[in-house]
Amino acid sequence: REMVRYEVGAELLKKMIAALGPKAIVESPPKLEGSNMTMVLAPANAPTRPAGKDEEEPSEVAE
């Protein structure tokens, strides 16, 4: 029965895209591949480091 009503799964994935809003970019829209429905999402912005936790730059070795 689920295979006949694939649009229910597609609607659920579309709701997920709407719920994520600007936090995610759809790289590949929902598509049916055999008995699996897949989509690919990516974060909209690159993760940022918390303030004050910058890595120290490596010091040069004195020769």
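Contact here means heavy atoms within 4.5 Å. The model is predicted.

Q: Which residues does Y6 touch, not counting residues up to four places away in sequence?
A: Y6 is found in helix α1. Setting aside residues up to four places away in sequence, the residues that Y6 touches are L32 and M37.

Q: Is Y6 buried, exposed or partly exposed?
A: Buried means under 20% relative accessible area and exposed means over 50%, with partly exposed in between. The relative accessible area of Y6 is 46%, so Y6 is partly exposed.

Q: How far apart are the end C-alpha atoms of helix α1?
A: Helix α1 covers residues 6-20, which makes 15 residues. At 1.5 Å a residue, these should span 21 Å. The value in the model agrees with that: the end C-alpha atoms are 22 Å apart.

Q: What separates the C-alpha atoms of Y6 and K31?
A: Along the chain, Y6 and K31 are 25 residues apart. The separation of their C-alpha atoms is 9.8 Å.

Q: Is S28 buried or exposed?
A: S28 lies in strand β1, residues 24-33. S28 touches M39 and V40, not counting residues up to four places away in sequence. Buried means under 20% relative accessible area. The value for S28 is 15%, so S28 is buried.

Q: In which sense do β1 and β2 pair?
A: Strand β2 covers residues 36-43. A24 stands opposite P43 in β2. Over seven bridges, the sense in which β1 and β2 pair is antiparallel.

Q: Which residue in the turn of the hairpin has a positive phi?
A: The hairpin is formed by β1 and β2, with two residues between them. A positive phi of about 65° in the turn belongs to G34.

Key:
Residues are numbered from 1 along each chain as its sequence is written. This is a predicted model: local features need pLDDT of at least 70, side-chain atom pairs count only at pLDDT 80 or more; totals for chains, interfaces and linings use all residues. Side-chain values use heavy atoms; hydrogens and water are left out. Helices (H or I, at least four residues) and strands (E, at least two) are DSSP runs, numbered from the N terminus. The expected span of a helix is 1.5 Å times one less than its number of residues. Buried means under 20% relative accessible area, exposed over 50%, partly exposed in between (1.4 Å probe, protein chains only). Two strands pair if DSSP finds at least two bridges between them.
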